[in-house]
Amino acid sequence: MLTKDILKKVIDGERISNEECLQLLQYNDILELGEVANEIRFRKNPENYVTFVVDTNPNYTNVCEIDCTFCAFYRHKDEPDAYTYSVDELIKKFKDAAKRGVTTVLLQGGVNPDLPFEYYLELVERTRKEVPEIHPHFFSTSEIIGMSEVSGLSIREVLIKLKEAGLNTIPGGGAEILSDRVKRKISKKKGTSADYLNVMREAHLLGYKTTATMMFGHIESDEDIVIHLESIRKLQDETGGFTAFIPWSFKPENTPLEKHIKSFASPYRYLQIIAISRIYLDNFPHIQASWFSEGKKIGQVALHFGADDFGGTLEEENVHAAANFINKSSTEEVIDLIHGAGFDAAQRDTLYNILKVYAQNAIKIL
Ligand code: SF4
């Protein structure tokens with residue numbers, strides 16, 4: 001099919017196939033892709049605002065035994081800069097963050113086999129009780145699989161207990177590229193694509209909402225990206241549990257994978273991925289522009305390529321920082337950046353409920 005016919009199909013509200021998605025990934029007119037993606041964005045989210053959440057991304061431990069080759073963050077437990085925070089220390093951090101207006105804590109860590117399952121349950125329970133202003137958005141699929149191994153419980157049982165403790169959303173980290181050809185090469189101890197999807201499926205069936213992510217720009221092919229998008233579109237058809245899709249590009253510095261990569265993802269590639277995600281993932285309500293991983297200017301441009309959400313303000317971020325990619329911001333700056341891109345800014349919570357709209361020329365409290 002001609003590419004213009006594929007794009008017409010999209011405008012007519014039809015779902016595109018995997019082959020058509022692959023064709024779009026090899027299509028050079030990025031502005032045309034952006035225009036179509038933007039039209040779909042406004043059909044799904046017609047308001048002229050871009051959402052953001054006031055959040056922070058601390059890490060409770062950097063101890064990990066999975067050895068992903070793209071990761072600059074983790075340490076083995078006997079290394080001098082390995083750390084694990086106690087529950088008390090984390091609660092204090094959350095209380096301090098809440099005082100500064102943070103509403104969501106996205107908490108992840110390494111897969112640390114020395115931490116008992118009770119540590120995670122206590123952390124969720126105490127966060128809910130002692131810092132009720134904070135929504136706990138805790139633990140990637142890898143950590144949940146780790147909890148299952150440490151406790152001897154099934155994934156479902158782990159998720160039930162975490163839910164009873166007060167968790168109801170999970171971040172989408174740990175996907176990278178959901179193609180086992182790629183996973184075997186960059187994260188062979190991390191489990192398969194099916195393992196990631198299985199945790200997400202069980203979580204959705206228990207009523208959790210989660211995001212889905214994708215880290216591209218390393219050894220994947222266009223075909224691997226299509227496999228990834230297909231896996232999450234299928235699961236979303238089945239469960240409807242994903243709130244948003246968040247793609248970002250691989251940050252190579254200080255990682256073992258760096259020396260095996262010939263070229264890294266360009267801003268052009270990022271914008272193409274954002275637009276195609278919006279077009280292909282017709283059952284996802286939100287696509288997030290990841291300013292912190294691509295740079296603020298590219299984040300702004302992505303808002304015209306199909307993204308409707310600007311992610312979090314990220315008071316603290318250690319994973320990209322370990323790869324020497326440091327991109328700090330504040331609530332005021334995020335609002336300014338959204339305004340600068342031509343939109344009102346809407347502060348949301350983890351579940352995408354709107355808390356406050358900051359119009360471009362005034363402040364409106366809902
Ligand atoms: S990406 Fe996560 S699981 Fe992999 S090595 Fe880093 S901390 Fe461990």
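The model on display is predicted; local features require pLDDT of at least 70, side-chain atom pairs count only at pLDDT 80 or more, and totals for chains, interfaces and linings use all residues. Residue numbers start from 1 along each chain as its sequence is written.

**Stop 1: helix α10**

Select residues 222-239, which form helix α10. Helices are DSSP runs of H or I with at least four residues, strands are runs of E with at least two, and both are numbered from the N terminus. Helix α10 has 18 residues and spans 26 Å from its first C-alpha to its last, close to the 26 Å expected at 1.5 Å a residue. The expected span is 1.5 Å times one less than the number of residues.

Next, display the side chains of Ile225, Val226, His228, Leu229, Ser231, Ile232, Arg233, Leu235 and Gln236, the buried residues of α10. A residue is buried if 20 or more other C-beta atoms lie within 10 Å of its own, exposed if 12 or fewer, and partly exposed in between, with C-beta atoms placed from the backbone. The buried residues of α10 pack against α2 (18-25), α9 (193-205), β6 (209-216), β7 (242-249) and α11 (267-280).

**Stop 2: α2 against α11**

Two packed helices are described by the angle between their axes and the distance between the axes. Select α2 and α11, which pack at an angle of about 160° with their axes 10 Å apart. That angle makes α2 roughly antiparallel to α11. The axes are lines fitted to C-alpha atoms, for helices over the stretch in contact, and angles run from 0 to 180 degrees between N-to-C directions. Angles under 35 degrees count as roughly parallel, over 145 as roughly antiparallel, 65 to 115 as roughly perpendicular, and the rest as oblique.

The crossing of α2 and α11 is right-handed. A crossing is right-handed if the near helix is turned clockwise from the far one by less than a right angle, and left-handed if anticlockwise. At the contact, Cys21, Leu24 and Leu25 of α2 meet Ile276, Ile279 and Tyr280 of α11. Residues are in contact if their C-beta atoms, placed from the backbone, lie within 7 Å. By class, this contact of α2 with α11 has 6 nonpolar, no polar and no charged residues. Ala, Val, Leu, Ile, Met, Phe, Trp, Tyr, Cys and Pro count as nonpolar, Asp, Glu, Lys and Arg as charged, and the others, Gly among them, as polar.

**Stop 3: α3 against α11**

On α3, the contact uses Ile30, Leu33, Gly34, Val36, Ala37, Ile40 and Arg41. On α11, Tyr268, Leu271, Gln272, Ala275, Ile276, Arg278 and Ile279 take part. The contact of α3 with α11 comprises 10 nonpolar, 2 polar and 2 charged residues.

**Stop 4: α4 against α5**

Move to helix α4 (residues 87-99) and helix α5 (residues 117-130), whose axes come within 10 Å and cross at roughly 30°. The two helices are therefore roughly parallel to each other, and the crossing of α4 and α5 is right-handed. Val87, Leu90, Ile91 and Phe94 of α4 contact Tyr119, Glu122, Leu123, Arg126, Thr127 and Glu130 of α5. By class, the contact of α4 with α5 has 6 nonpolar, 1 polar and 3 charged residues.

While α4 is selected, locate Asp96 within that helix. Asp96 is partly exposed because 13 C-beta neighbours lie inside 10 Å.

**Stop 5: two loop residues with positive phi**

Most residues other than glycine have a negative phi, and most peptide bonds are trans. Select Asn254 in the loop between β7 and α11; its phi is positive, near 70°. Asn254 is partly exposed, with 13 other C-beta atoms within 10 Å. Then select Tyr352, in the loop between β10 (344-348) and β11 (354-358). Phi of Tyr352 is also a positive value, near 70°, and Tyr352 counts as partly exposed, with 17 C-beta neighbours inside 10 Å.

Technical notes:
Contact = placed C-beta atoms within 7 Å.
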